[in-house]
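Let's take a walk through this chain, from its overall make-up down to a few side chains. Have a look at the fold before reading on.

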Amino acid sequence: QQLQQLQQLQQLQHGFQGGGPSLSASDAASDEPDADTSSASSASNASSPSATSSASATSPASATSVTSPASAASRGAAPDAGTTPPSGARSGARSGGAEGGAAEALEAVVDGMAGRVLLPLLRAGILSRPACAAGCTCSAPLYEAVATTPQHVALARAVAEASTVLLKNEQRALPLRRGAVVALLGRACSAHTPIDPARDAWTAGDYFVVGGTGRVAFRRDPTLASALRARGVTLHVSPTDRISPALRAMRQADVVVACGGATASESEDRPSLRLDQHDFLTQLGLLRTSKPLVVVALAPGAVLTDWATRADAVLLQFLAGQESGEALADVLTGAASPSGRLPVTLPLAEADTIPPCTESVCRYAEGLAAGWRGRVGRPVAFPFGHGLSFPRVAYAW
């Protein structure tokens, strides 16, 4: 399969050689002696910005930019001589008529775009000597290799801290009092099953990373429970979303910290804007105990916050990665002050948002009246840009 792929790319490479400028002496001297990579180098330079400029200065026909395939076709000119294969190079080439000319022009544009990506890879020999075969032997370099440093970890933690949003802090419930005994409630505070790329679907995500092509699989425990234990905080943990064990933990604590989360993935719509623990958090608020209730929400975007009205403090994190728990623990204990601001509006109800379309034809008539623009002058739970901090600020003039 790799040999067949390489042969196909080499055919594409040879198709790009017609009409392009030649290599400079310095380029030729730096090339590897291998014939495949040398010819790829020539085609690669033909589509580079410097080569384009040189070709344009000497021959208008070799310019490599196209303003409009249709307009080029109407003039009867090839849109991109530097990336158009020579006559007969492409099998089944269309000829004659404006429609055929437009199709060839569009095909040349696509070839040029693909060539700028693929030909440098050929030049470097990457495609002829792949590190692994996709779907077969890529697990180790993609998911087992350690591709981080202590500096990267420190940066991830700093970003997670700075992006944590303090939505509410009544009676100065946060930061937690030194020596306070904490009831830590809910699965989102404690549970984490590392994503296994060999087992889980590529769209699998969790409360810390988004599912899909942007997913990062890590083995570090990102939970708040782990981070608070590491700081010596006395905890009574109820790692489920059930009220009975939560009540037992609350009786032994000075303050209650409850977590809720939701997941999101590329290629899929979220079923609702509710956290997975929405009902659990609502029930905790209805208990109305004398102990402060702090809610930590781990969200992939806008969420409903009905439960926030009965909470004393609310922290919100947006898929903050492997340092999520460490950042939250720093904020809860006062080692860091939250400074994040909402990048989205949190609505009062799902009816206040634009729902996903499940039809084959979707009409979105709101124009720019989406997000915060669609809620100007109307009530929301928390507005775009909202975010509190711990220090008291006074202005004088």
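## The big picture

Accessible areas here come from the Shrake-Rupley method with a 1.4 Å probe, and for residues only the protein chains shown count as cover. By that method, the chain exposes about 21,700 Å², and carbon and sulfur atoms supply 55% of it. What you're looking at is a predicted model, where local features need pLDDT of at least 70, side-chain atom pairs count only at pLDDT 80 or more, and totals for chains, interfaces and linings use all residues. Residues are numbered from 1 along each chain as its sequence is written, and side-chain values use heavy atoms, with hydrogens and water left out.

The chain has 13 helices and six strands. These are DSSP runs numbered from the N terminus: helices are H or I with at least four residues, strands are E with at least two. Of the 397 residues, 38% are buried. Buried means under 20% relative accessible area, exposed means over 50%, and partly exposed is in between (1.4 Å probe, protein chains only).

## One face of helix 11

Which residues of helix 11 are buried? In this helix (residues 243-251), they are Pro245, Ala246, Ala249 and Met250. Seen down the helix axis, they fall within an arc of 140 degrees, so they line one face of helix 11. (The arc is that of the directions from the helix axis to the C-beta atoms.)

Their cover includes strand 2 (182-185), strand 3 (235-238), strand 4 (255-261) and helix 12 (278-287). Contact means heavy atoms within 4.5 Å.

The structure holds 11 salt bridges. A salt bridge is a side-chain nitrogen of Lys or Arg within 4 Å of a carboxyl oxygen of Asp or Glu.

Arg157 is partly exposed, at 28% relative accessible area. One of its salt bridges goes to Glu161 (3.6 Å, N to O). Glu161 is buried, at 17%. Arg157 also meets Glu326 in a salt bridge (3.9 Å, N to O). Arg157 lies in helix 8 and Glu326 in helix 13, so this pair ties together parts that are 169 residues apart in sequence. Glu326 counts as buried, at 15% relative accessibility.

## A separate pair

Arg274 and Asp279 form a salt bridge too (2.7 Å, N to O). Arg274 is partly exposed at 34% relative accessibility, and Asp279 is partly exposed at 47%.
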